[in-house]
Amino acid sequence: MSFSIADAAQQAKKAARQVANLNAEQKNQLLTDIAEALSENTPSILAANEKDLAAGKENNLDAAMLDRLALDPARIQGIADAVIEIAGQSDPVGNISSIQRMPSGIQVGKMRIPLGVIAMIYESRPNVTIDAAALCLKAGNAVVLRGGKEALHSNLALAECIKSALAKQQIDPAAVVVIPDTDRAVMNELMTLNDSIDLIIPRGGEGLIRFVSENSRIPVIQHYKGVCHLYVDSAADEDKALNLLKNGKTQRTGVCNSLETLVVHQDVAKNFLPKAAAMLAEHSTVVHACENSIGYFADATPATEDDWHAEYLAMEIAVRVVADFDEAIEHIEEYGSGHTEVIASQDYSKTQEFIRRINSAVVMANASSRFSDGGQLGLGAEIGISTSKLHAYGPMGAESLTTEKFIVMGDGEVRQ
């Protein structure tokens with residue numbers, strides 16, 4: 001029997017009504033059951049992931065893509081731990097805020113409610129299957145998940161864990177749909193189902209996100225790319241700055257919160273850049289340097305305009321020396337993607353000005369860009385990182401998957 005995305009979305013819409021009416025205890029028990037199923041089924045998940053990895057190597061997926069795709073027992077346990085952390089968070093649904101009495105006598109407030117049905121379109125990260133399902137369920141939503149063909153076996157194995165937990169709690173299995181068909185036509189049809197689906201969140205390469213944004217009839221939350229900067233100020237602690245650079249660039253290069261551009265104040269360039277060059281050379285990092293910094297690197301190439309825009313997702317970085325703080329701000333405002341920016345400085349006034357003036361989704365002072373992650377920021381996990389400012393901005397947890405309705409309480413008041 002062929003898969004029908006239209007039927008699946010319609011069934012998810014129906015299931016969303018049941019999920020919206022679950023209380024906090026029921027949702028948390030469901031999430032706990034999902035986490036337990038992940039732990040219990042680790043061997044079968046790993047076996048499925050091995051199939052995907054083998055196919056990925058045959059198809060010459062690059063190292064960053066393979067890293068995103070790969071699962072091991074520690075990563076699966078990390079996914080399960082994130083689900084437990086989401087379960088332990090307060091339930092956003094039903095919260096009432098901003099209550100005020102109006103001159104007419106009525107009381108007006110706002111109540112958080114689920115969005116309904118959320119569709120995720122994503123590429124090679126199988127952890128998104130669980131993170132998205134857990135966050136949507138916590139927020140009282142149903143979810144339709146369309147992963148990439150490179151992770152199909154992994155995603156279907158993870159879906160079995162979700163299915164068993166839904167069955168255990170007697171919840172409509174259509175509350176979480178993992179699409180088993182990776183044909184592009186299914187994705188194209190999915191984007192037209194605005195009668196059944198309330199929001200689409202694409203997560204992957206810039207090409208995918210632009211395609212979804214340009215072709216969807218359903219509202220889209222966008223995250224095009226992560227061009228993250230580290231600015232080393234004239235008042236930086238150079239050892240701390242070097243550690244921020246090392247962690248941000250070399251710990252895990254294929255993720256959107258890794259550093260792509262290093263900006264250095266001219267007053268510390270002479271001392272700092274030789275240290276940076278030595279560290280980057282140890283990690284075989286390709287460097288694209290401006291004319292004022294290229295002399296500090298043995299094998300750097302001259303930076304072009306494209307390098308300032310680049311999200312390398314590889315052991316590669318652009319370097320620029322700036323005359324002062326304002327020039328650093330101007331560079332980041334011109335070339336940043338709205339994801340994450342970091343300043344290294346011991347001057348409190350400078351760090352506060354940087355935080356105030358830079359309007360990216362996450363702005364940091366003296367901390368690694370690698371902390372720009374839902375789990376590290378207290379969300380348990382994230383369904384994505386929004387770099388568009390409407391509705392949600394930055395890493396999106398359960399609360400970002402709700403909206404608000406006005407509620408009015410009166411005692412027979414009528415409008416005059």
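## Salt bridges

In this predicted model, K110, R112, E399 and E404 are joined in a network of salt bridges. The structure holds 16 salt bridges.

One of them pairs the side chains of E382 and R203, with an N to O distance of 3.6 Å. This pair connects distant parts of the chain: E382 sits in the loop between strand 13 (362–365) and strand 14, whereas R203 belongs to strand 6, and the two are 179 residues apart. Both E382 and R203 are buried.

A salt bridge also forms between the side chains of E206 and K225, at 3.9 Å from N to O. E206 lies in helix 9 (residues 206–215) and K225 in the loop between helix 9 and strand 7 (228–232), so this contact ties together parts that are 19 residues apart in sequence. E206 counts as partly exposed because its relative accessibility is 28%.

The side chains of R320 and E327 form a further salt bridge, at 3.0 Å from N to O. With a relative accessibility of 22%, R320 counts as partly exposed. E327, at 22% relative accessibility, likewise counts as partly exposed.

## Enclosed cavities

Rolling a probe the size of a water molecule over the atoms shows where empty space is left. The model contains two cavities of 30 Å³ or more. The largest cavity has a volume of about 230 Å³ and a lining of 19 residues, with R68, R125, R203, G204 and H223 nearest its centre. This lining consists of six nonpolar, six polar and seven charged residues.

The second largest cavity has a volume of about 50 Å³. Its lining is made up of I201, P202, R203, I221, Q222, H223, G384, I385, S386 and M396, which divide into five nonpolar, four polar and one charged. Strand 6 (199–203) and strand 14 (385–386) each supply at least two residues of this lining; strand 6 provides the largest share, three residues. R203, already noted for its salt bridge with E382, is among the residues lining the second largest cavity and among those nearest the centre of the largest cavity.

## The largest pocket

The largest pocket holds about 750 Å³ of space. Of the 29 residues in its lining, N127, D131, R252, R370 and D373 lie nearest the centre. By residue class, the lining of this pocket comprises ten nonpolar, nine polar and ten charged residues.

Helix 5 (73–87) and helix 6 (127–138) each contribute at least two residues to the lining of the largest pocket. Helix 5 gives the most, with six residues.

Notes: Residues numbered from 1 in each chain as written. Predicted model: local features only at pLDDT ≥ 70, side-chain atom pairs only at ≥ 80, totals over all residues. Heavy atoms only, no water. 1 Å grid on protein atoms, 1.4 Å probe; cavity = no way out; pocket = protein on both sides within 12 Å on 5 of 7 lines; lining within 4 Å. Points joined across faces, edges and corners; volume = space filled by probe spheres on them. Nonpolar A, V, L, I, M, F, W, Y, C, P; charged D, E, K, R; others polar. Helix = DSSP H or I, 4+ residues; strand = E, 2+ residues; numbered from the N terminus. Salt bridge = Lys/Arg side-chain N within 4 Å of Asp/Glu carboxyl O. Buried < 20%, exposed > 50% of the residue type's maximum accessible area, 1.4 Å probe, protein only.
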